[in-house]
Amino acid sequence: MTAATLSLASLLWVAPAAGAPGKMPAFLRQLDRAVHAGDWTLQCDSSQFCQIIGVVTPPRNHIGVRAVVMIERGVAKDARPRLRMAFLDSSGALAVPPPEESWRLVPKGRLRRAVALPLGFSEAQADGAYRASPEAAEAIVAALRRWPGAAVHNGERTIARMPRGNLDRLMRRMDRLQHPSRPPLTEAERSQWLKEYHYTVLRSDADEEAPVPDAVEDACSGRALPNRPFLFRIGPQHRLWIAECPEGNRIFLHPDGAGPIHFEMRDNAGVIQRHDYAGFGGDSLLVLQMPRGDRIDCGHWVKFGFSGEVFQMILHRRYDRCRAVPYDFWPKVWHPTTWRYADAPPSDGGDAPPTAEGVSPP
């Protein structure tokens with residue numbers, strides 16, 4: 001897969017190479033480019049894995065529930081579409097209660113012989129979305145490709161608004177990208193651009209209440225911090241400080257016995273990209289949210305794991321439509337070939353014996 005388009009850079013730089021030398025092949029540029037049709041957005045990655053996300057804009061009166069629809073399909077010629085759906089309020093929060101058996105997808109507009117379709121949902125997944133059965137997914141996608149509009153209905157009233165637009169055009173474009181008529185890349189281009197990345201990263205632990213270094217204390221444009229920064233032990237010889245500033249969180253890598261080093265996000269051209277939120281999740285991954293302009297509900301959502309010396313990019317999501325959609329639903333545009341946790345998670349500076357957790361998959 002191609003290297004990530006964003007890199008976490010500092011004196012101790014980090015992740016996959018910012019890009020292979022030379023101009024990116026046209027086919028890979030097509031895969032990387034998001035394509036919109038009404039409320040729908042198609043996004044593929046370099047492995048020709050494609051995703052479509054659809055959701056209406058939040059209502060101005062803040063009343064009503066929106067369905068966010070996520071469609072995926074494998075590269076195999078006979079692959080069936082996979083469909084997940086979540087239900088959001090105007091702020092992007094997951095709406096409750098969970099779907100009921102009476103909920104159906106109903107057509108909107110002048111249609112002959114169109115019938116309501118069962119949703120065929122399984123139990124809620126970890127991110128709050130519901131996966132449709134293979135049969136229901138195929139029927140729903142086929143209907144949305146030809147219906148002018150749809151809604152989720154319980155037989156008495158509309159439960160959620162559905163995205164509208166020319167989904168059929170995006171599905172046909174997906175066909176062309178996943179199954180081009182001739183090989184889209186030469187062997188030389190494949191060798192240069194579709195490299196593999198295999199990473200092993202360490203688990204992080206919240207650290208003890210260590211003294212805050214002056215560089216961290218003055219992180220907010222020379223002003224004292226409004227709150228105490230977060231501190232994590234991220235390896236046998238490093239800590240990480242995250243300072244909350246009004247203009248966005250600041251990140252400092254702090255090697256033992258040395259001063260903290262502030263680092264920023266840079267794009268392929270080396271230009272610093274402002275990030276807003278920065279934090280560590282329970283998965284021991286550094287999370288950065290990079291807004292589009294002044295909007296935090298669109299842009300980039302990136303995760304990094306620390307290998308003991310550098311940060312490696314583990315996940316990059318991108319969605320440029322500011323529609324209050326949770327980050328977990330944004331399309332993936334990059335991830336490494338494989339990654340796993342190291343055998344011995346850091347605990348008290350690396351001196352403790354290995355725990356029973358052992359190797360963990362992502």
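Asp328 lies in the loop between β23 and β24 of this predicted model. Asp328 is partly exposed, with a relative accessible area of 41%; buried denotes under 20% relative accessible area, exposed over 50%, and partly exposed the range in between, with a 1.4 Å probe and protein chains only. Although Asp328 and Asp127 are 201 residues apart along the chain, their C-alpha atoms are separated by 6.7 Å. Neighbours within four places in sequence aside, Asp328 is in contact with Asp127 and Arg317, where contact means heavy atoms within 4.5 Å.

**Basis of the description**

- Residues are numbered from 1 along each chain as its sequence is written, and side-chain values use heavy atoms, with hydrogens and water left out.
- Because the model is predicted, local features need pLDDT of at least 70 and side-chain atom pairs count only at pLDDT 80 or more, whereas totals for chains, interfaces and linings use all residues.

**The chain as a whole**

- The protein chain holds five helices and 25 strands; these are DSSP runs numbered from the N terminus, helices being H or I of at least four residues and strands E of at least two.
- Of the 362 residues in the protein chain, 49% are buried.
- Among contacts between residues at least 6 apart in sequence, 56% join residues at least 24 apart.
- The protein chain exposes about 17,500 Å², and carbon and sulfur atoms supply 51% of this area; accessible areas come from the Shrake-Rupley method with a 1.4 Å probe, and for residues only the protein chains shown count as cover.

**The sheet β20 to β24**

- Five strands form an open sheet in the order β20-β21-β22-β23-β24, with antiparallel pairing; two strands pair if DSSP finds at least two bridges between them.
- β20 (278-280) and β24 (332-334) stand at the edges with a single partner strand each, so one side of each has no neighbour in the sheet.
- On average, neighbouring strands of this sheet are turned by 25° against each other, direction ignored; axes are lines fitted to C-alpha atoms, for helices over the stretch in contact, and angles run from 0 to 180 degrees between N-to-C directions.
- Strand β23 (residues 311-319) pairs with β24 in the antiparallel sense over two bridges, and Arg317 stands opposite Lys332 in β24.

- In strand β3 (residues 40-44), five of its five residues are buried.
- Both faces of β3 are covered, with Trp40, Leu42 and Cys44 buried on one side and Thr41 and Gln43 buried on the other.
- Strand β2 (residues 35-37) pairs with β3 in the antiparallel sense over three bridges, and Thr41 in β3 is the bridge partner of His36.
- The hairpin of β2 and β3 has two residues between the strands, and Gly38 takes a positive phi near 65° there.
- β3 and strand β4 (residues 50-54) run antiparallel and are joined by five bridges; Ile53 in β4 is the bridge partner of Thr41.
- The hairpin of β3 and β4 has five residues between the strands.

- Most residues other than glycine have a negative phi.
- Gln48, in the loop between β3 and β4, has a positive phi near 65° and is buried, with a relative accessible area of 14%.
- His62, in the loop between β4 and β5, has a positive phi near 60° and is exposed, with a relative accessible area of 59%.

**Helix α2**

- The 13 residues of helix α2 (residues 134-146) should span 18 Å at 1.5 Å a residue, and the end C-alpha atoms are 19 Å apart, which agrees; the expected span is 1.5 Å times one less than the number of residues.
- The buried residues of α2 are Ala136, Ala137, Ile140, Val141, Ala143 and Leu144.
- Seen down the axis of α2, these buried residues fall within an arc of 165° and so line one face of the helix; the arc is that of the directions from the helix axis to the C-beta atoms.
- Exposed Glu135 and Arg146 are carried on the face of α2 turned away from its buried side.

**Helix α3**

- Helix α3 (residues 167-178) has 12 residues and reaches 16 Å from its first C-alpha to its last, close to the 16 Å expected at 1.5 Å a residue.
- Leu167, Leu170, Met171, Arg173, Met174, Leu177 and Gln178 are buried in α3.
- These residues cover an arc of only 160° around the axis, which puts them on the same side of α3.
- The cover over the buried residues of α3 includes α1 (26-32), β2, β3, β4, β5 (66-73) and α2.
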